[in-house]
Amino acid sequence: MKKFINAPEEVVREALAGVGAAHPDLRIDIENQLVIRGDAPRADKVGLISGGGSGHEPLHGGFVGLGMLDAACAGEVFTSPVPDQILEATKAVDGGAGVLHIVKNYTGDVMNFQMAAELAGDENISVEAVVVDDDVAVEDSTWTAGRRGTGATVFVEKIAGALAEEGGRLADVAAVARKVNEQSASFAVALTACTTPAAGKPGFDLPEDEMEVGVGIHGEPGRRREKIQPAKAIAETTVSTILAAKPLNAGDKAIVMVNGLGATPLIELYLLYNEVAKLLAEAGVEIARNLVGNYITSLDMAGMSVTVCKADDELLRLWDAPVRTPGLRWGM
Amino acid sequence: MDVALARAWIAAVTAAVTDNADYLTQLDSAIGDADHGVNLRRGFTAVSAALDSYEAATVGDVLVKTGSTLVSKVGGASGPLYGTAFRAMGKALPEATVDATALGKALRAGLEGVQKLGAAVQGDKTIVDAYEPAIAAFDAAVAGGGDLHAAAEAARQAAEDGMHATTPLQARKGRASYLGARSVGHQDPGATSTWLIFKALAEVTA
């Protein structure tokens with residue numbers, strides 16, 4: 001393992017200290033491993049918090065700021081945060097209008113956020129939780145833990161954050177978050193495994209000529225392993241799986257993200273975006289807005305994910321609303 | 001079991017998860033996200049520190065403190081699940097000394113806590129696959145007149161068998177379920193750490 005670290009067990013805290021040094025408008029609580037908006041709590045504004053294991057940067061700490069999250073809870077690498085942290089974050093952002101928990105659908109994340117919501121309830125804070133489960137590589141059935149939460153989390157945080165910023169009530173902010181999740185689908189392909197600082201070696205071995213299809217964001221193997229193919233064919237598999245799960249009609253508008261998983265250069269992500277855009281154009285779908293870059297990563301995994309969200313005028317208006325965070329910044 | 005024995009049990013679990021941290025993480029890297037051993041080692045190290053400075057009056061105090069510390073320090077699914085298990089066990093044992101029958105009931109309360117939170121049943125390739133047969137064997141040994149050690153030894157053996165039985169299963173809960181049929185052929189890390197907990201109980205009651 002070669003990494004720019006001092007000690008594996010200090011990676012999360014030292015990186016958070018770096019976030020604080022780079023972004024003085026954010027408040028960092030090192031003890032509880034929180035990134036908090038400098039002006040939180042804001043009176044009468046619904047507080048938005050999210051969190052999860054570390055290793056997905058810029059998610060979630062990079063999306064704290066005006067128009068997006070009020071706080072993010074950083075767990076250990078690929079391990080969900082604990083209820084105490086989530087409770088502290090909830091208290092730090094509650095301005096009296098309640099707090100929305102944005103939770104990616106993993107067994108541990110759901111349990112820890114649920115326990116934190118119960119503790120917050122004991123302190124008379126209104127909490128609503130929205131569980132994001134957009135990864136269509138996983139079948140949603142009673143025989144699995146359900147679909148994973150991946151790329152759509154970025155869209156949920158942006159759009160729900162915008163509604164909260166303009167004064168939306170807790171029920172409405174939760175409703176728009178659920179709508180974004182329901183209208184989104186993601187699919188990912190990896191070319192290499194990633195290495196957690198604690199494990200020190202890649203999570204799985206992948207031969208030079210093979211790829212993992214249908215991976216998540218925690219270095220776990222995917223649904224199947226195949227021979228590597230040209231980007232055009234990988235894009236076809238990706239887009240057809242997404243459209244099969246969440247069909248779009250000709251004339252529909254969409255927000256589309258081509259996301260790197262940590263070790264894929266932008267030149268390849270743009271090449272993939274070109275393929276994805278052609279395929280969606282053939283299906284009659286208009287890409288109304290897009291993101292190309294590293295937004296929800298899996299440490300140093302070479303790979304990419306595509307997320308497609310069906311968008312109407314309301315979602316596009318909220319998407320375009322001003323945002324000022326380390327990871328997304330426009331409109332101001 | 002008295003307070004000193006409860007402390008010895010948790011100390012033995014701490015030693016076992018520390019010694020087996022790499023093994024658990026290796027099992028988890030095959031079908032999960034390669035952190036089970038690291039997380040339990042971090043959690044039980046914190047438990048050990050918390051218990052050192054804690055005045056426990058009852059067996060339950062030791063176990064509730066263990067569970068609360070796990071919930072606060074581990075994260076992931078194993079923190080809430082094992083934390084809830086030890087808390088539920090502890091709440092069922094508000095005495096300075098408890099007999100094997102009472103401990104059997106407490107172990108079952110722990111399993112109920114795990115199942116309430118995780119909704120897993122036997123055969124899903126989880127903690128439950130080692131835990132459920134272990135307490136069935138524990139209760140059967142007590143009903144047959146066995147003492148605490150005999151019951152714990154029966155539970156250890158049943159947990160070990162249950163752990164091995166997870167290998168051919170396809171996971172239906174937790175992160176391994178995302179792999180579908182690819183989870184078959186791998187021993188479940190959670191069932192393995194549950195075996196370590198029962199193994200520690202058998203050792204300290206010998």
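This is a predicted model: local features need pLDDT of at least 70, side-chain atom pairs count only at pLDDT 80 or more; totals for chains, interfaces and linings use all residues.
Visitor: Which residues of α8(B) are buried?

Guide: Burial is a count of neighbours: a residue is buried if 20 or more other C-beta atoms lie within 10 Å of its own. In α8(B) the buried set is B:L148, B:A151, B:A152, B:E153, B:A154, B:A155, B:R156, B:A158, B:A159, B:G162 and B:M163.

Visitor: What covers them?

Guide: The cover of the buried residues of α8(B) includes α6, α7 and α9 of chain B.

Visitor: Take α7 of chain B next. How do I check its length?

Guide: Compare the expected span with the distance between the ends. Helix α7 of chain B runs over residues 128-143, which is 16 residues. At 1.5 Å a residue, α7(B) should span 22 Å. Its end C-alpha atoms are 22 Å apart, so the two agree.

Visitor: Is α7(B) enclosed or open?

Guide: Count its buried residues. Twelve of the 16 are buried, so α7(B) is largely enclosed by the rest of the structure. Among them are B:Y131, B:I135, B:F138 and B:V142.

Visitor: What covers the buried residues of α7(B)?

Guide: The cover includes α6 (100-118), α8 (148-165) and α9 (189-204) of chain B.

Visitor: What follows α7(B)?

Guide: Look at the backbone angle there. B:G145 follows α7(B), and its phi is positive, near 95°.

Visitor: Now chain A. What does the domain assignment give?

Guide: It gives domain 1 (10-183) and domain 2 (184-319) of chain A. Their C-alpha centres lie 22 Å apart.

Visitor: How many residues are in contact between the two domains?

Guide: Count each side separately. Domain 1 of chain A brings 26 residues, in contact with 33 residues of domain 2 of chain A.

Visitor: Which helix gives the most to the domain 1 side?

Guide: α4(A) does, with eight residues. Both α4 (152-165) and α5 (170-182) of chain A supply at least two residues each to that side.

Visitor: How does that side divide by class?

Guide: The side of domain 1 of chain A that touches domain 2 has 14 nonpolar, seven polar and five charged residues.

Visitor: What confidence scores come with the model?

Guide: There are scores for the whole and for each chain. The model has ipTM 0.85 and pTM 0.92. Chain B averages a pLDDT of 95, and 100% of the residues score at least 70.

How values were computed
Residues are numbered from 1 along each chain as its sequence is written. Chains are lettered from A and ligands numbered from 1 in the order in which they are written. Helices (H or I, at least four residues) and strands (E, at least two) are DSSP runs, numbered from the N terminus. The expected span of a helix is 1.5 Å times one less than its number of residues. Two residues are in contact if their C-beta atoms, placed from the backbone, lie within 7 Å. Domain bounds come from an automatic or database domain assignment. Ala, Val, Leu, Ile, Met, Phe, Trp, Tyr, Cys and Pro count as nonpolar, Asp, Glu, Lys and Arg as charged, and the others, Gly among them, as polar. pLDDT is the predictor's confidence in each residue, from 0 to 100.
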